[in-house]
Amino acid sequence: MTHRRYIRLAGLLAVAALCARPAYGMDPSAVPPGSYVLDPQHTRIAWSVSHLGYSTYTGLIPFVHGTLLLDPSHPGATRLDAEIPMAGITSLDPALDARLHGGQFFAVDRYPSASYQAQGLVITAPGHARLDGLLTLCGVTHPVTMNVVFGGAGIDPVDGRLTVGFEASAIVRRSAFGVVAYVPVVGDDVTLILEAEVKPKPEQKMP
């Protein structure tokens, strides 16, 4: 077999293997139930806040990790446990980051992480849902509702694993968590957008 034919055959076999896998696409009801883990390399929170009323300042909290228990047939049984590494919060400005990490804002030496724990997904429209949970930040816990949009599901061509994506957004009042520096000159309301990908736990068998 020539080298060119071998490459062509390998390509056809790869396509056949992909076609043989179950299709999930944009139908959230087709996602297999089970226990998933957040992929920290593809799960992050974008935050934004009004600055002096003149502009919107944005930043990131990367490498969010945790677990998701999911059953599309029983959305009320959904459970999300996420750990948010506040020590990694960044504005992409090293000087400002040092202040965000300090006691004036998030005191990451004392509170290196925040958490969000939610149970029960309420479907609000096709591909849209509401998730009610508890956010713990700087040692203070308050209820926070996230609006969830299903992003899609499929087989990751890099690792061959089922991957499910979603976006969840919320607005929180930082002063409620004791983060009051420069309010109201710098906005009290902070918009959070969680961009997430989850994969089945390694021991979880999927169809």
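Colleague: What makes up the secondary structure of the chain?

Modeller: The chain holds two helices and 10 strands, where helices (H or I, at least four residues) and strands (E, at least two) are DSSP runs numbered from the N terminus. Along the sequence they follow the pattern α-β-β-β-β-β-α-β-β-β-β-β. This is a predicted model, in which local features need pLDDT of at least 70 and side-chain atom pairs count only at pLDDT 80 or more, while totals for chains, interfaces and linings use all residues. Residues are numbered from 1 along each chain as its sequence is written, and side-chain values use heavy atoms, with hydrogens and water left out.

Colleague: Why are Leu96, Asp97 and Leu100 called the buried residues of helix 2?

Modeller: Buried means under 20% relative accessible area, exposed over 50%, and partly exposed in between (1.4 Å probe, protein chains only). In helix 2 (residues 94-101), Leu96, Asp97 and Leu100 are buried, so each falls under 20%. Pro94, Ala95 and Ala98, on the other side of helix 2, are exposed, so each of these lies over 50%. In the chain, 37% of the 207 residues are buried.

Colleague: How do you know that the buried residues lie on the same side of helix 2?

Modeller: The buried residues of helix 2 are Leu96, Asp97 and Leu100. They cover an arc of only 105° around the axis, which puts them on the same side of helix 2; the arc is that of the directions from the helix axis to the C-beta atoms. Strand 2 (44-51) and strand 3 (55-61) are among the elements that cover them.

Colleague: What makes a space a cavity and not a pocket?

Modeller: On a 1 Å grid over the protein atoms alone, a cavity is a set of points where a 1.4 Å probe fits but cannot get out, whereas a pocket is an open set with protein on both sides within 12 Å along at least five of seven lines. The search finds one cavity of 30 Å³ or more. The largest cavity has a volume of about 120 Å³, a volume being the space filled by probe spheres set on the points, which are joined across faces, edges and corners. The largest pocket has a volume of about 530 Å³.

Colleague: Which residues line the largest cavity, and how do they divide by class?

Modeller: Lining residues have an atom within 4 Å of a point; among them are Ile45, Tyr116 and Met146. The lining divides into 12 nonpolar, no polar and no charged residues. Ala, Val, Leu, Ile, Met, Phe, Trp, Tyr, Cys and Pro count as nonpolar, Asp, Glu, Lys and Arg as charged, and the others, Gly among them, as polar.

Terms used: Contact means heavy atoms within 4.5 Å.
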